[in-house]
Amino acid sequence: MNPNFDLPLPRSIIAPSYSDDDLVTRLYLENEYLKSHRKTFTVGPGLELPSGELLESEERYCFTRQFLRETSKQEMGQRHLVIANEYPSKEKRYANGFVHRRVKFYQEAGLEVDVVAFGKRVRPDVYDFDGVKVLAGYVNELAGLISAREYASVSVHFPNSEMWKVLKGNIRDSTNLIFYIHGYEARNWSRLPYGIRDVAMLNARIERSLRTEDVWKEIVNSNVDRFIFVSDWWREAAMDDLGVYFGSENSEVIHNFVDTRIFTYEKKDPQQRFKLLWVRSANAHNYGADIAAEFLRQLKLTPVWADLEVLIVGDGQYFNEFDEFRDDEVVTVRRDFIKQEEIADLHKRFGMFIVPTRFDTQGVSRDEAMSSGLVPITCPVTAVPEFADSSCSILFAEDEVETAVEEYLRVARDPELFSAMSRAAAQRSADLNGAEATVAREIELMTR
């Protein structure tokens, strides 16, 4: 294979003498045969947890001991553990903020919650973030904690093989073990075939997907009580990607929580339809920073441009897509990660939310903006149609940016239409992502 290629490959060069149906059948059967002859990856029997003596004496458990000391006064009733691959901190404010909003709601509902930020590159630490005590670290920190405390529930966000190795066989049958599957941790490599520079990188992504399938087959056949998906589309897609079954008997669809007390709806002034906001991470190609930049580029050619106020806030490897607008009087480009409260304040100032996407299992930043009454400009791909439709959104295909511009101009000419779409956006987000539809259901699973 030529190492200098773009994905997806054109159909005209892939066995063109076959019909589509015949080619799919051939490739599917050959793929199943080759996978059946590949050595299955496993995490093994699970990690042996440290004894009480080791936990008290060995240096590798020092942060666990610190966390236990600093949270010991809370040990009056049942405790619940939340594990995520990262958690917000002063240095990483965008790190799974939607998990943090859940934890805050759990606390306010009276639950005692421990939080672990688990990752190979996470620096071991114990820190406070917005009233939440966090144990950051890796295998030793998590293993020490679950050996020391008994939990009524363990909720795992973005699970991976290393987390599973610690948890496997070490969670009591009386504990409600809940796995949240957001997307990144389970999707097949082909969902986002971007940035593949050579065959070695392609092969590495394929191997990672195969190992992910193996781990999830192991997890599904374990003592996990419930698998939670953030959208109907993603539950169906995950079954395709992982080759496992998720039905009503072992899974549920619960959308990510949007805290309407932070992202509050206030009736928009019609003039706010001329105020456009883009605020999100630009760390991944699927977040569509380049699409947003092209939308602004084409919008700049229209007479309405001089009437606009555009603010771009975020950071990441693709944020330089906006560099060309730095000297434009209409656009302010701010390279920064900001707190959710700051984002909510910006929502109050603006009326339109630029949030194109190539892949979303939900799209929390869009739903937060909708909750505040902003009208999103986005792409109806993957799970997006479950959360946004033409009554409350401007929808366009990635390769039809001119449609987005035309639809925006239609809204710009009609203040009543803007006001109606703004109200509809807030109502839709409240119905789908409000507390009763999301975190209240999660607490039922944690405490039953």
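**Aromatic cluster and surroundings**

Analyst: Ring pairs join W164, F179, W216, F227, F229 and F246 into a cluster. Keep in mind that this is a predicted model. Across the structure there are 14 aromatic pairs.

Let's zoom in on one of them, F227 with F246. The ring centres are 5.3 Å apart and the planes meet at 65 degrees, so this pair counts as edge-to-face; the cut-off for that label is an angle over 60 degrees. F227 sits in strand β7 (residues 226-229), while F246 is in the loop between α8 (232-242) and β8 (251-253), so the contact ties together parts that are 19 residues apart in sequence. Buried or exposed, these two, F227 and F246? Both F227 and F246 are buried.

Rings also meet charges here. The charged end of R211 sits over the ring of F41, 3.8 Å from the ring centre. R358 does likewise with Y194: its charged end sits over that ring, 5.9 Å from the centre.

That brings us to charges paired with charges. A search of the whole structure turns up 37 salt bridges. Take D114 and R149, whose side chains meet at 2.9 Å, N to O. D114 belongs to strand β2 (residues 112-118) and R149 to the loop between α5 (139-148) and β5 (153-157), so this bridge ties together parts 35 residues apart in sequence. D114 and R149 are both buried. There's a network as well: salt bridges with shared partners join R101, E108, D130, D259 and R261.

Other salt bridges involve partly exposed residues. R26 and E30 meet at 3.3 Å, N to O, and both lie in helix α1, 4 residues apart, or about one turn of the helix. R26 has a relative accessible area of 32%, so it counts as partly exposed; E30, at 39%, is partly exposed as well. Then there's E86 with K92, where the closest N and O atoms are 2.8 Å apart. E86 is partly exposed at 24% relative accessibility, and K92 is partly exposed at 44%.

What about nonpolar side chains on the surface? L9, I13 and I14 form a patch there, with about 230 Å² of accessible area together. L9 lies in the segment before α1 (20-36), and its 32% relative accessibility makes it partly exposed.

6 strands make up an open sheet with parallel pairing, in the order β11-β10-β9-β12-β13-β14. Its edge strands are β11 (331-335) and β14 (394-395), each pairing on one side only. Within the sheet, β9 (residues 275-279) and β12 (residues 352-354) pair in the parallel sense over 2 bridges, and L276 stands opposite M352 in β12.

Conventions:
Residues numbered from 1 in each chain as written. Predicted model: local features only at pLDDT ≥ 70, side-chain atom pairs only at ≥ 80, totals over all residues. Heavy atoms only, no water. Phe/Tyr/Trp six-rings, centres within 6.5 Å; stacked < 30°, edge-to-face > 60°. Buried < 20%, exposed > 50% of the residue type's maximum accessible area, 1.4 Å probe, protein only. Lys NZ or Arg CZ within 6 Å of the ring centre and 35° of its normal. Patch = residues over 30% accessible without salt bridge, like charges linked within 9 Å, V, L, I, M, F, W, Y side chains within 5 Å. Areas by Shrake-Rupley, 256 points an atom, 1.4 Å probe, with all protein chains shown as cover. Salt bridge = Lys/Arg side-chain N within 4 Å of Asp/Glu carboxyl O. Pairing = 2+ DSSP bridges.
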